[in-house]
Amino acid sequence: ASGKAELTSNGRQAIAAVAATLKRNYPDATYWIEGHTDSDPIKKSRFPTNRDVSLARAMAVLHSLVGEAGIDDGKCVVTGWGEYQPLAANDSDKNKARNRRVEIIVNRR
């Protein structure tokens, strides 16, 4: 949701499935967890900026991967891009929703 960083139960289930794939297929890789937002200015949120929201989203995913799915914390890098890496133009509610995301990038050694 806009201005939020909490995981839903569906999100936790998806992360558990991704973690199983990471452990099985990429056990020696590092994982970059990258948070993103839309470009709307923060108005009603506990976060002061979009970058703060994106970082909090990435941290929520990290905590789920490490604390619930058993991924090694030392294999994870976390970053918050804010609104600076959109997938779509921020010109509609649908496109803005696409830009509010967390991506996990697998970096094989």
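Trainee: In which helix is Ser54 found, and why is Ser54 called buried?

Mentor: This is a predicted model, and in it Ser54 is found in helix 2. Buried requires a relative accessible area under 20%; Ser54 has 0%, so the label applies.

Trainee: Which residues is Ser54 in contact with, leaving aside its neighbours within four places in sequence?

Mentor: Ser54 is in contact with Gly35, His36 and Thr37, and also with Gly80, Trp81 and Gly82. Helix 2 itself lies across strand 1, strand 2 and strand 3 and runs at about 155° to strand 2.

Trainee: What makes the three strands an open sheet, and in what order do they lie?

Mentor: The order is 2-1-3, with mixed pairing. Strand 2 and strand 3 are the edge strands, since each pairs on one side only. From one strand to the next, the twist averages 20°.

Trainee: In what sense do strand 1 and strand 3 pair?

Mentor: They pair in the antiparallel sense, over six bridges. One example is Ile33, whose bridge partner in strand 3 is Ile104.

Trainee: How do you know that the span of helix 1 agrees with its number of residues?

Mentor: Helix 1 has 17 residues, 9-25, and at 1.5 Å a residue these should span 24 Å. The end C-alpha atoms are 24 Å apart, so the two values agree.

Trainee: Why are the buried residues of helix 1 said to line one face?

Mentor: The buried residues are Gly11, Ile15, Ala19 and Leu22. Seen down the axis of helix 1, they fall within an arc of 75°, and therefore they line one face. In general, an α-helix has 3.6 residues a turn, so residues three or four places apart point the same way. Strand 1, helix 2 and strand 3 are among the elements that cover the buried residues of helix 1. The face turned away from the buried side carries the exposed residues Ser9, Asn10, Gln13 and Arg24.

Trainee: What makes Glu6 and Arg46 a salt bridge?

Mentor: The N to O distance between their side chains is 3.5 Å. The limit is 4 Å, so the pair qualifies. The pair links distant parts of the chain, 40 residues apart: Glu6 lies in the segment before helix 1 and Arg46 in the loop between strand 1 and helix 2. Arg46 has 64% relative accessibility and therefore counts as exposed, the cut-off being over 50%.

Trainee: How many salt bridges does this rule give?

Mentor: The count comes to five. Among them is the pair of Arg100 and Asp38, at 2.6 Å, N to O. Arg100 is in the loop between helix 3 and strand 3, whereas Asp38 is in the loop between strand 1 and helix 2, 62 residues apart. Asp38, at 2% relative accessibility, counts as buried, while Arg100, at 25%, is partly exposed.

Trainee: Why is Pro86 called partly exposed?

Mentor: Its relative accessible area is 42%. Pro86 is placed in the loop between strand 2 and helix 3. Not counting residues up to four places away in sequence, Pro86 touches Asn99 and Arg101.

Technical notes: Residues numbered from 1 in each chain as written. Predicted model: local features only at pLDDT ≥ 70, side-chain atom pairs only at ≥ 80, totals over all residues. Heavy atoms only, no water. Helix = DSSP H or I, 4+ residues; strand = E, 2+ residues; numbered from the N terminus. Expected span 1.5 Å × (residues − 1). Buried < 20%, exposed > 50% of the residue type's maximum accessible area, 1.4 Å probe, protein only. Arc of directions from axis to C-beta. Contact = heavy atoms within 4.5 Å. Pairing = 2+ DSSP bridges. Axes fitted to C-alpha atoms, helices over the stretch in contact; angles between N-to-C directions.
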